[in-house]
Amino acid sequence: MSYTPTEWRTVEPFTQKASEQAQAHPERRDLFLCHAWDDREGSAKELYGHLKSNGASVWFSEVDLPLGSLMIREIDKGLRNSRVGIVLVTPALLKSIEAQGVAEKELAVLLSTRRVIPVLHEVSFNDLNDVSPMLASHAGLSTKESSLDSVAAKVAAAAAALAA
């Protein structure tokens, strides 16, 4: 997997923190996928598929929320049992954050862990900064220069290397 210098500066600290988590908590999943509800059948599902096909273990609400379960409680467990959070930043997520939806609550938890990487899709860092300066302050990856598949492969390659 090859990274641009900017992408490597983004992924390297994530890999180091996740590696520490992998050693301390080998039972945890590599990634928690935070996304807007409106993206669950579109870009979030696509990103999940790309991450999985590239070897990462991922907590994704569309797969990991059992029918009849308490959504917030299951999300809480997913956050606790994942090493790193991926935040799929889309126009829908920005709206959800502003409306203080579930994604905003997930984001608050992920920001407190300092183990979060934004993946921007159809938005810019300036758009993100207008809504969440704290998340925008984290280095991230964008689909502006790469496809969602390529970004997922880069994240998954870093995450998959953790299990070795």
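A residue counts as buried when its relative accessible area is under 20%. With that cut-off in hand, here are some notes on this predicted model.

1. **Strand β1.** Let me start in the sheet. Strand β1 spans residues 29-34, and five of its six residues are buried, so the rest of the structure largely encloses this strand.

2. Stepping back, the five strands form an open sheet with parallel pairing, in the order β2-β1-β3-β4-β5. Its edge strands are β2 and β5, each of which pairs on one side only.

3. **Overall layout.** The protein chain holds nine helices as well as five strands. Read from the N terminus, its elements follow the pattern α-β-α-β-α-α-β-α-α-β-α-α-β-α. Of the 164 residues in the protein chain, 49% are buried. If we take the contacts between residues at least 6 apart in sequence, 72% of them join residues at least 24 apart.

4. **Helices α4 and α6.** Two packed helices are described by the angle between their axes and the distance between the axes. For helix α4 (residues 71-80) and helix α6 (residues 102-113), the axes come within 11 Å and cross at roughly 25°. Because angles under 35 degrees count as roughly parallel, α4 is roughly parallel to α6. The crossing of these two helices is right-handed.

5. **What meets at that contact?** On the α4 side are Met-71, Ile-72, Ile-75 and Leu-79, and they meet Val-102, Glu-106, Val-109 and Leu-110 of α6. By class, the residues of this contact are seven nonpolar, no polar and one charged.

6. **Helix α5.** Which residues of helix α5 (residues 91-98) are buried? They are Ala-92, Leu-93, Leu-94, Ser-96 and Ile-97. Their cover includes β3, α6 and α7 (125-131), so do keep α6 on display when you turn to this helix. After α5 comes Gln-100, which has a positive phi, near 60°.

7. **Thr-143.** Is Thr-143 buried or exposed? Its relative accessibility is 15%, so Thr-143 counts as buried. Leaving aside residues up to four places away in sequence, Thr-143 touches Leu-120, His-121, Glu-122, Leu-148 and Val-151.

Definitions and conventions. Residues are numbered from 1 along each chain as its sequence is written. This is a predicted model: local features need pLDDT of at least 70, side-chain atom pairs count only at pLDDT 80 or more; totals for chains, interfaces and linings use all residues. Side-chain values use heavy atoms; hydrogens and water are left out. Axes are lines fitted to C-alpha atoms, for helices over the stretch in contact, and angles run from 0 to 180 degrees between N-to-C directions. Helices (H or I, at least four residues) and strands (E, at least two) are DSSP runs, numbered from the N terminus. Angles under 35 degrees count as roughly parallel, over 145 as roughly antiparallel, 65 to 115 as roughly perpendicular and the rest as oblique. A crossing is left-handed if the near helix is turned anticlockwise from the far one by less than a right angle, and right-handed if clockwise. Contact means heavy atoms within 4.5 Å. Ala, Val, Leu, Ile, Met, Phe, Trp, Tyr, Cys and Pro count as nonpolar, Asp, Glu, Lys and Arg as charged, and the others, Gly among them, as polar. Buried means under 20% relative accessible area, exposed over 50%, partly exposed in between (1.4 Å probe, protein chains only). Two strands pair if DSSP finds at least two bridges between them.
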